[in-house]
Amino acid sequence: MKTLIIFTLCLLMGAVALSGQSNLPYQKPHEDILKLVNVDLPPSISINYDGTKAILMYRKQFKTLEDLYEKEMRLGGLRINPVTNISSRARYNYDIKIFDPVSKEILDIVGMPDDARISNISWSNAQDKVAFTNTTRNGVELWVIDYNSQKSMQLTADDLNANGGRPYTWLADDSGFIVRRLPEERPDIIDTENAIPTGPVISENMEGQMAQNRTYQDLLRNADDEANFETLMTSELYRVTMSGFSTLWREAGMYTSISPSPDGEYMLIASIKRPFSYIVPYSRFPTDYVIYDKNGRLIKVMAEVPLTEELPKGFMAVREGPRSFSWRDDKPATLTWAVALDGGDPAQEVDYRDEVYELDAPFNGVDKLLCSTQLRYYGMTWGNDDLAIVNEYWWNTRTIRTSFINPSDLSQPPVVFSERNYQDRYNDPGSFVTQRNEFGNNVLDLSDGDRLLLMGDGYSAEGKFPFIDEYDLNTQEKKRLYRASDEDKVESLVKIIDRKAGKVLTRLESSNMFPNYYMRNIKTNTVEPITDFENPYEVIADVHKEVINYKREDGLDLSATLYLPVGYDPSSGEKLPMLMWAYPREYKDKSSAGQVTSSSNDFTYPYYGSPIYWVNRGYIVLDNAAFPIIGEGDDEPNDSFIDQLVSNAKAAIDAVDAMGYVDRSKVAVGGHSYGAFMTANLLSHSDLFAAGIARSGAYNRTLTPFGFQSEERNYWEAPEVYYEMSPFMHAEKMKTPLLLIHGDADNNSGTYPMQSERYFNALKGLGAPVRLVMLPRESHGYAAEESIFHMLWEQDQWLENHLREKSDEQVKENK
């Protein structure tokens with residue numbers, strides 16, 4: 001009976017028309033917020049493998065509405081601009097400059113395109129050239145920068161096909177590229193908006209297959225969509241030299257990836273084909289994996305993967321047959337892949353889940369078994385003929401395992417190096433350090449014989465202190481070579497530049513020092529600056545910031561980052577309104593859930609969706625408040641979702657209240673996506689808050705019936721869980737003012753704009769205080785300056801109206 005009620009409510013609320021709309025133009029937030037959001041950010045930097053060369057990439061913070069309103073087609077899970085043939089949601093750099101890490105000199109590059117829209121940036125194998133694409137108003141061009149001469153050159157016309165990803169691949173010897181080009185004979189795009197259908201769209205499942213898929217968006221819908229998708233994805237492959245000369249390399253096809261062998265003699269090419277699907281994205285369309293030689297001659301078809309609409313249930317489900325194709329980094333031309341031994345079904349009880357195979361060029365021999373894994377295969381780090389590292393994991397237990405194998409001798413059993421809960425950051429041993437080999441690929445650093453290096457983040461209860469360890473393969477013992485010790489800064493090790501000399505590229509930051517790069521010498525204990533980016537947020541440089549630790553009522557350790565308002569005197573005794581921002585995360589054990597990975601020395605960066613802006617408006621901000629949802633043993637986290645959610649929130653407010661800062665009758669809570677879902681639930685099931693802000697959330701879990709977030713069970717297996725967790729089903733309990741914001745082109749699985757629209761209708765129909773703001777053409781994350789400024793204005797107005805100006809009598813009435 002409950003199921004019938006749920007679906008009846010869904011239908012009724014979908015039929016209720018919105019009312020009370022206001023035609024409000026885009027607004028800008030208060031000047032105190034605008035001065036933080038409307039800033040020029042420093043460029044991003046890309047440093048080559050040995051730290052001798054770098055480029056600076058300049059990008060505007062936001063797109064414009066004009067950008068969002070360029071032509072867009074949503075097909076097969078992609079969003080495509082059919083005029084320019086690149087993602088309609090692409091973010092562009094407007095300039096690239098050369099940066100000398102030694103002299104710190106910034107140099108202009110001669111010949112860069114005018115009004116550049118730069119993307120798909122990559123270094124050559126020799127690291128002396130940089131390729132990029134430039135998107136004109138008509139299409140995509142390929143350009144290349146010669147680092148040493150500081151000059152750029154256009155190699156192709158604006159006829160590349162970047163639909164589905166980067167449209168070029170470097171040849172292994174840097175002599176040129178294989179590019180995807182628009183075919184000369186290309187059908188016109190069908191106008192699906194105005195086309196009159198020739199019949200209904202019919203889907204069926206007459207053989208009873210089970211296809212329990214997530215609620216994917218932007219899928220194909222009809223035959224016209226299929227035709228347009230094929231037109232937009234079809235390319236011819238050309239070989240383009242460094243002088244811009246091009247020759248046809250392969251005929252037209254729907255190519256999705258091109259991977260050259262390390263020696264450049266072969267290419268592994270993936271291409272999709274019909275039949276297409278209306279229920280899964282293009283990544284699960286039929287795909288051929290084929291090896292060609294460097295001249296484009298077919299060598300071997302490695303796999304013809306059929307349409308994958310049905311998979312076994314569970315996050316560890318995979319398709320049957322060969323998958324995860326990749327070249328061995330330490331060999332000239334050896335291809336590897338994995339095959340499931342459990343039929344891809346995690347519910348099957350087997351001794352081994354996967355097998356990993358390899359095949360050497362010229363690919364006419366017998367597949368060689370490399371290893372079998374007890375968990376799901378997760379990739380390989382290659383060393384040499386005698387040593388490789390195999391990674392495997394199992395989501396249900398949060399287990400990750402790292403083992404050494406001898407790829408030349410299957411009789412030698414794997415030696416387990418590490419097996420742990422991958423959410424346990426305190427006991428992460430780090431990652432093995434790699435170095436570039438003769439093919440330009442990263443392989444295990446074996447330059448010191450049997451002693452490998454490990455580099456890790458170094459999270460602990462005391463803070464983040466990255467480390468470098470030496471690991472002896474023979475004795476299986478570790479020796480610590482370096483551990484960060486600066487308690488006033490946060491360090492992030494990037495890569496080892498010169499093992500013998502002790503040179504390490506690293507990044508340092510503090511709460512008011514913008515992240516900058518340095519060359520650290522762990523042998524001489526010296527640090528040399530490389531970049532000197534200035535802090536664009538000086539107005540909040542001195543704001544009080546600390547990571548606070550507290551306990552949930554069941555004794556679980558929690559933490560959050562506390563910001564006190566600009567100019568606030570903690571000793572004054574004044575109690576202020578507070579904005580709490582959070583995002584729930586699921587765990588299988590309390591120990592991992594209670595770990596702290598934030599630092600008061602992390603740079604204070606108010607990105608577009610951040611709550612930090614409100615420290616400049618007189619609010620306490622409690623950011624990144626820990627909201628763990630735990631299910632140990634056979635218990636699933638969501639079985640007690642609401643109770644744990646409320647307990648987390650109460651513990652956070654109690655902690656700040658105990659410090660004497662907060663007026664607990666004037667606390668707002670907010671979040672984005674699953675954080676929005678959290679917000680609506682907290683307002684429905686507690687009286688802790690005076691207002692809420694929920695952005696781009698999902699509120700009715702019956703609309704995502706085959707799982708959501710970390711929930712594997714479908715609705716019919718756990719109807720009570722879906723019901724209890726859905727704020728929509730408890731709309732009658734909502735008495736607290738709620739601001740709903742959603743992009744009307746949200747492309748995230750599960751967070752259809754309809755979720756906010758129908759939740760608003762339910763709340764309005766039941767008399768709850770609610771406001772719905774739909775941002776035109778915005779997806780799950782917001783991009784246009786106009787949208788972001790208006791979002792901040794809405795949030796600021798909401799907080800001012802419901803926290804700042806609320807009288808004590810109104811507060812009591814609301815409770």
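## Terms and model

Two strands count as paired if DSSP finds at least two bridges between them. Strands (E, at least two residues) are DSSP runs, numbered from the N terminus. The model is predicted: local features need pLDDT of at least 70, side-chain atom pairs count only at pLDDT 80 or more, and totals for chains, interfaces and linings use all residues. Residues are numbered from 1 along each chain as its sequence is written, and side-chain values use heavy atoms, with hydrogens and water left out.

## The four-stranded sheet

An open sheet is formed by 4 strands in the order E8-E9-E10-E11, with antiparallel pairing. Strand E8 (118-123) and strand E11 (151-154) each have a single partner strand and stand at the edges, so one side of each lacks a neighbour in the sheet. From one strand to the next, the twist averages 25 degrees (axes are lines fitted to C-alpha atoms, and angles run from 0 to 180 degrees between N-to-C directions).

Within this sheet, 7 bridges link strand E9 (residues 129-135) and strand E10 (residues 140-146) in the antiparallel sense. Threonine 133 has leucine 142 in E10 as its bridge partner. Aspartate 115 lies in the loop between strand E7 (106-107) and E8; its phi is positive, near 45 degrees. Most residues other than glycine have a negative phi.

## The seven-stranded sheet

A second open sheet has 7 strands in the order E12-E13-E14-E15-E16-E17-E18, and its pairing is antiparallel. Its edges are strand E12 (168-170) and strand E18 (298-305), each with a single partner strand, so one side of each is left without a neighbour in the sheet. Here the twist averages 35 degrees from one strand to the next.

Strand E15 (residues 246-260) and strand E16 (residues 266-272) run antiparallel and are joined by 6 bridges. Proline 260 has methionine 267 in E16 as its bridge partner. In the loop between E16 and strand E17 (287-293) lies proline 275, and the peptide bond from arginine 274 to proline 275 is cis, with omega near 5 degrees.

## Another cis bond and a hairpin

Alanine 361 and proline 362 are also joined by a cis peptide bond, with omega about 10 degrees. Proline 362 is placed in the loop between strand E21 (354-360) and strand E22 (368-373).

Strand E37 (residues 513-521) pairs with E38 in the antiparallel sense over 4 bridges, and methionine 519 stands opposite glutamate 528 in E38. The hairpin of E37 and E38 has 4 residues between the strands, and asparagine 525 in this hairpin takes a positive phi near 55 degrees.
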